[in-house]
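Hi,

Here is the structure I promised to pass on. Have a look at it first, then read my notes below.

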Amino acid sequence: QLQLVESGGGLVQAGDSLRLSCAASGRGFSRYTMGWFRQALGKEREFVARISWNKQSATYGESVKGRFTISRDNVNQAIDLQMNSLKPDDTAVYYCAAGGWATTESDYDYWGQGTQVTVSS
């Protein structure tokens, strides 16, 4: 069982950077793929990024590729999402999740409560 808590969201301007963090507590963190998803108002939840348990692999959604970077610290049970060159379209609630090596939300077993990111133009 894992508990996930996101932090770092806020209001920024287009072109700014923001770093989200997700702290995990419980057992088994280092065995899970960790991912970030986001959900904009009125839209479905969207895959943003994932990183494998051993940090060897990371993939990104097309809309954030080249701008966002996911990282993890298995010792401290945490992951980050560095977001650069933010756009108004990045405005959403961002969720941290733990699960299998997948990009679909149904393959993730544990979720945080989300943190709001708002990018003004």
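Some housekeeping. This is a predicted model, where local features need pLDDT of at least 70, side-chain atom pairs count only at pLDDT 80 or more, and totals for chains, interfaces and linings use all residues. Residues are numbered from 1 along each chain as its sequence is written, and side-chain values use heavy atoms, with hydrogens and water left out.

Now the salt bridges, each meaning a side-chain nitrogen of Lys or Arg within 4 Å of a carboxyl oxygen of Asp or Glu. Searching the whole structure turns up six of them.

E105 and R45 form one, with their closest N and O atoms 4.0 Å apart. E105 sits in the loop between β9 and β10 (108-111) and R45 in the loop between β4 and β5 (46-51), so this pair ties together parts 60 residues apart in sequence. (Strands are DSSP runs of E, at least two residues, numbered from the N terminus.)

D90 takes part in two others. Its side chain meets that of R38 at 2.9 Å, N to O; R38 is in strand β4 (residues 33-39) and D90 in the loop between β8 and β9 (92-99), 52 residues apart. D90 also meets R67 at 2.8 Å, N to O, and R67 lies in the loop between β6 (58-60) and β7, 23 residues from D90. What about burial? D90 counts as buried, at 1% relative accessibility, R67 is buried at 11%, and R38 is buried too. Through shared partners, salt bridges join R38, E46, R67 and D90 into one network.

On to the sheet. Four strands make an open sheet in the order β1-β3-β8-β7, with antiparallel pairing; two strands pair if DSSP finds at least two bridges between them. β1 (2-7) and β7 (68-73) are at the edges with a single partner strand each, so one side of each has no neighbour in the sheet. On average, neighbouring strands here are turned by 15° against each other, direction ignored; the axes are lines fitted to C-alpha atoms, and angles run from 0 to 180 degrees between N-to-C directions. Between β7 and β8 (residues 78-83), which run antiparallel, there are six bridges, and D73 stands opposite A78 in β8.

Cheers

How values were computed
Buried means under 20% relative accessible area, exposed over 50%, partly exposed in between (1.4 Å probe, protein chains only).
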